Amino acid sequence: MRDVVTEAPATLEVRGLSIAHEGKVLLDVPHLCLDGPGPTLILGPNGAGKSLLLRCLHGLIQPDRGRVCQNGVLLNGCHKARQAMVFQRPVLLRRSVAANLDFVLKRKSMPRVQRKPRIDDLLAEGGLDGKARQPARSLSGGEAQRLAILRALALDPETLFLDEPTSALDPSATQMIERMVLRASAQGVRIVMVTHDIGQARRLATEIVMMQAGHVVEQGLARQVLESPKSDESRRYLDGGLVT
Amino acid sequence: MQEFASEFTQALSLILEGDSELWAIVLLSMRVSVFAVLISALIGMPLGAALAVARFPGRRALIILVNALMGFPPVVAGLLVYLMLSRSGPLGILELLYTPTAMIIAQVVLVTPIMAALTRQVVEMLAEEYSEQLRSLGVSRLASVPVLLWDARLALVTALLAGFGRAIAEVGAVIIVGGNINHVTRVMTTTIALETSKGNLALALALGVILVGLAVAVNAMVSVLTLRAEREGVRHA
């Protein structure tokens, strides 16, 4: 993780982004700029395009039109190296816990002598000390997700995307993940996270993006969006109404 | 019935007394099949993994072809290798016909499609699961091949053992290209066929017992590894 606490997080900007399939608009975001000081949480019902937007921002999906810039630089393969993503269901390599972290550190060309202490630091950070030699697949859901986040952070990303990382976790495991996310944010990592959990948005977000049917219906400071939403869709979603 | 019991007793004593002719045949069989399986693995596994991750026109047709070659008739494989290695064939100059090397080549022809097809199946399912994560970590399609092969290692050992099972039990192809020459190219299966026709049932039975024992051992190993792989979530096929 980056050590410079005062460093401002990376700015992400989207222009004219659109994806359609068989005539149906899946994503249509004319302009979106994520430059707030803390975590951005993307909220919205299923099928709103939250995960699709996240994948576009990360470069995993090529949009039909539009572009994504990070710090004013057009996102391409090289730039993607400064981003990391954690998925809803952690995908861990069929290796030990330590080997999962070693895999990304090796890809960063970190010398072997530096890798071992770095792995120990990361495991301590994620509360996984003593589990280094355990097969990653035998971890509990919360531990597996923590390892996935540690592996993402081992890349020293400027931006960390998280796609509903706590949707299958209990409150205690969720709390540990949220602490890790806040710590990363405090260290200058741009956090962009998708969630269905309004309580989580209250706890983590400094900025909220509300989505509905492939469109951004509202974007603003967390308190402002959560307490006095401007759009009807946001209001209904936040009131717990069934938004489809 | 009494005759069978007597032949069987003789067969067991051949095995237990360490009959040199019998064990020479067993060792040659093992040598030929182990080499054939290793070479097949070196060709078939990367080929299978490449078929699993690469996207190119004709890929589907190639997969169908590789799958179909799993059932390639051994005598036809033997005939093709014979034509290649015979004096008038394109590789006749190497003078490999009726040598253990020719038998290895024939077994490689038969086992490689098995390796490639099983590897493709296992790696493709793993690649589906890993795809987004590896791309997110900046791993290219090509660079993902060794990652996937390593992570599918337990399932691939199963493929290796399945290939060995096919190779060691092979008779049609090796008899054509090996010629079943005593002390040179006589392996377990070809000896069983020959000795049975000669009425020397004791040697044939002894080799049969060893062959069945090997088949059971290989299958037991496959079962244990499959179980382990399932427990670790490695096997998908």
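Helices are DSSP runs of H or I with at least four residues, numbered from the N terminus. This is a predicted model, in which local features need pLDDT of at least 70. Residues are numbered from 1 along each chain as its sequence is written, and chains are lettered from A in the order in which they are written.

Begin with the largest pocket. A pocket is an open set of points on a 1 Å grid over the protein atoms alone, where a 1.4 Å probe fits, with protein on both sides within 12 Å along at least five of seven lines; lining residues have an atom within 4 Å of a point. Three helices of chain B, α2 (20-53), α5 (100-136) and α6 (141-151), each supply at least two lining residues. The most comes from α5(B), with seven residues. The lining has 15 residues, and V53(B), A127(B), S131(B), R135(B) and R141(B) lie nearest the centre.

Now turn to chain A. Helix α4 covers residues 112-125. Its 14 residues should span 20 Å at 1.5 Å a residue, and its end C-alpha atoms are 20 Å apart, which agrees. That expected span is 1.5 Å times one less than the number of residues.

Which residues of α4(A) are buried? They are R115(A), R118(A), I119(A), L122(A) and L123(A). Buried means under 20% relative accessible area and exposed over 50%, with a 1.4 Å probe and protein chains only. The face turned away from the buried side carries the exposed V113(A) and K116(A). Just after α4(A), G127(A) takes a positive phi of about 65 degrees.

Notes. Predicted model: local features only at pLDDT ≥ 70, side-chain atom pairs only at ≥ 80, totals over all residues. Heavy atoms only, no water.
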